[in-house]
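Welcome to this tour. Please open your viewer and get ready to select residues one stop at a time.

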Amino acid sequence: QVQLVESGGGLVQAGGSLRLSCAASGSTVRFNTMGWYRQVPGKQRELVADITRGGWTNYVDSVKGRFTISRDNAKNTVYLQMNSLKPEDTAVYYCNAQVQSIATYLEFGSWGQGTQVTVSS
């Protein structure tokens, strides 16, 4: 059974920083690309940033230069350092992982429960 547990959300003033963490667990699986998505009510969930096992990163334009994604493969944990936060960054942030079965090599997606980030102006 695969589980993704997020932490680090909260309330912060504009210009402040937060660091999100997502710890993944599961037996006989490997966690390939991991990433962070966000969603506000009435809108589709959007990719914020993702990172491959090898460390290649990808960011949505609106967070480039402000957010940094990183991972610790030994701990199966992905992080999102968010600096210079803006009110428009307010959303529920979800962790996502592409999970690969070691036995079958089949890959599937898995989501965390979400963590609220609120940026006040």
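Are Asp89 and Arg38 buried or exposed? Select both: Asp89 is buried, and Arg38 is buried as well. Here buried means under 20% relative accessible area, exposed means over 50%, and partly exposed is in between, with a 1.4 Å probe and protein chains only.

Before the next stop, two notes on the model. It is a predicted model, in which local features need pLDDT of at least 70, side-chain atom pairs count only at pLDDT 80 or more, and totals for chains, interfaces and linings use all residues. Residues are numbered from 1 along each chain as its sequence is written, and side-chain values use heavy atoms, with hydrogens and water left out.

**Stop 1: the charged network**

Keep Asp89 and Arg38 selected and show their side chains, which meet in a salt bridge (3.0 Å, N to O). Asp89 lies in the loop between strand S8 (77-82) and S9, while Arg38 lies in strand S4 (residues 29-39), so this pair ties together parts that are 51 residues apart in sequence. Strands (E, at least two residues) are DSSP runs, numbered from the N terminus. A salt bridge is a side-chain nitrogen of Lys or Arg within 4 Å of a carboxyl oxygen of Asp or Glu. Side chains of opposite charge can pair when their charged atoms come close.

Asp89 counts as buried because its relative accessibility is 1%. Arg66, at 10% relative accessibility, counts as buried too.

The side chains of Glu46 and Arg38 meet in a salt bridge (2.7 Å, N to O). Arg38 has a relative accessible area of 6%, so it is buried, whereas Glu46, at 31%, is partly exposed.

How many salt bridges does the structure hold? The count is 4.

**Stop 2: the disulfide**

Clear your selection and pick Cys22 and Cys95. They form a disulfide, with their sulfur atoms 2.1 Å apart; a disulfide is a pair of cysteine sulfur atoms within 2.5 Å. The pair links distant parts of the chain, with Cys22 in strand S3 (residues 18-25) and Cys95 in strand S9, 73 residues apart. Turn the view along the S-S bond: the angle about this bond is -80°, and the link is left-handed. Cys22 counts as buried because its relative accessibility is 0%, and Cys95 counts as buried at 0% as well. A search of the whole structure finds 1 disulfide.

**Stop 3: the aromatic rings**

How many aromatic pairs are there? The count comes to 2. Rings of Phe, Tyr and Trp (its six-membered ring) pair if their centres lie within 6.5 Å; planes under 30 degrees apart count as stacked, over 60 as edge-to-face and the rest as tilted.

Select Tyr37 and Trp111, an edge-to-face pair with 4.9 Å centre to centre and 70° between the planes. Tyr37 lies in strand S4 and Trp111 in strand S10 (residues 107-111), so the pair ties together parts that are 74 residues apart in sequence. Tyr37 is partly exposed, with a relative accessible area of 23%, and Trp111 is partly exposed, with 39%.

Tyr94 is buried, with a relative accessible area of 15%. Ring pairs link Tyr37, Tyr94 and Trp111 into a cluster.

Show Arg45 next. Its charged end sits over the ring of Tyr94, 3.7 Å from the centre. Arg45 also lies over the face of Trp111, at 4.6 Å from the ring centre. A charge sits over a ring if NZ of Lys or CZ of Arg is within 6 Å of the ring centre and within 35 degrees of the ring normal.

**Stop 4: Gln100**

Finally, select Gln100 in strand S9 (residues 91-101). Gln100 counts as buried because its relative accessibility is 17%.

Technical notes. Helix = DSSP H or I, 4+ residues; strand = E, 2+ residues; numbered from the N terminus.
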